[in-house]
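Student: I would like to learn how to read a few features of a model. Could we start with the backbone?

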Amino acid sequence: MPELYAYTDGACSGNPGPGGWGVLLQAHDGDKVVKERELSGGADDTTNNQMELMAAISALETLAKPSAITIVTDSSYVKDGITKWIHGWKKNGWRNASKKPVKNTELWKRLEQAANRHQVTWEWIKGHAGHTQNERADELARMGMEPFKAK
């Protein structure tokens, strides 16, 4: 059974501004990539964090059946949010430690729902550090942003 990986990234021109997200989905059999799929999209008026969330959401929502998958992200916001912070947010009625409403609540709820269908391992890597798959996810995010930059 191949192992699934989703390398995700978000990009934004201005913050907020036009943005994009990208996903490189790969099925690995040992060290060999046996299947690959690329996804990207964007929005007219968004933030980098929203695009980082959309990349992870899109990776999980595109899977047709429940799967074991490793989401590789350069966003500690996404990784820490879904693995640590979300439990407290939910307990506190979607308020953060400062008692303020959590930003991007609807996206966090969507990410949690998508993740709950799967067995997800969350992995953080340093962005823009020469990691080939992360660099490709970044290119896809920038491609996803292009149609919205021209407006």
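Student: Where is Pro16 placed?

Tutor: This is a predicted model. Pro16 sits in the loop between S1 and S2. The general idea comes next: most residues other than glycine have a negative phi, and most peptide bonds are trans. The peptide bond from Asn15 to Pro16 is cis, with omega near 15 degrees.

Student: Which loop holds Trp94?

Tutor: Trp94 lies in the loop between helix H2 (76–91) and helix H3 (105–116). Phi of Trp94 is near 60 degrees, a positive value in a residue other than glycine. Lys99 is also placed in the loop between H2 and H3, and has a positive phi of about 70 degrees although it is not a glycine.

Student: Is Lys99 buried or exposed?

Tutor: Exposed means over 50% relative accessible area. Lys99 has 59% relative accessibility, so it counts as exposed. Trp94, with a relative accessible area of 15%, is buried, as the cut-off for that class is under 20%.

Student: What does the span of helix H4 show?

Tutor: Helix H4 covers residues 132–149, which is 18 residues. From first C-alpha to last, H4 reaches 25 Å, close to the 26 Å expected at 1.5 Å a residue.

Student: Which residues of H4 are buried?

Tutor: In H4 the buried residues are Asn134, Ala137, Asp138, Leu140, Ala141, Gly144 and Met145. Seen down the axis of H4, these residues fall within an arc of 160 degrees, so they line one face of the helix. The face turned away from that buried side carries the exposed residues Thr132 and Pro147. The buried residues of H4 pack against S1, S2 and S3.

Student: What is Asn134 in contact with?

Tutor: Leaving aside its neighbours within four places in sequence, Asn134 is in contact with Thr8, Asp9, Asp74, Ile125, Gly127 and His128. At 2% relative accessibility, Asn134 counts as buried. Asn134 and Ser98 are 36 residues apart in sequence, and their C-alpha atoms are 33 Å apart in space.

Student: How much space lies in the largest pocket?

Tutor: Rolling a probe the size of a water molecule over the atoms shows where empty space is left. Here the largest pocket holds about 490 Å³ of space. It is lined by 17 residues, of which Leu4, Ala27, Leu63, Lys65 and Ser67 are the closest to its centre. The elements that give two or more residues to this lining are strand S1 (3–12), strand S2 (17–29) and strand S3 (32–46).

Student: How many residues of each class are in the lining of the largest pocket?

Tutor: The lining has nine nonpolar, three polar and five charged residues.

Note on methods:
Residues numbered from 1 in each chain as written. Predicted model: local features only at pLDDT ≥ 70, side-chain atom pairs only at ≥ 80, totals over all residues. Heavy atoms only, no water. 1 Å grid on protein atoms, 1.4 Å probe; cavity = no way out; pocket = protein on both sides within 12 Å on 5 of 7 lines; lining within 4 Å. Points joined across faces, edges and corners; volume = space filled by probe spheres on them. Helix = DSSP H or I, 4+ residues; strand = E, 2+ residues; numbered from the N terminus. Nonpolar A, V, L, I, M, F, W, Y, C, P; charged D, E, K, R; others polar. Expected span 1.5 Å × (residues − 1). Buried < 20%, exposed > 50% of the residue type's maximum accessible area, 1.4 Å probe, protein only. Arc of directions from axis to C-beta. Contact = heavy atoms within 4.5 Å.
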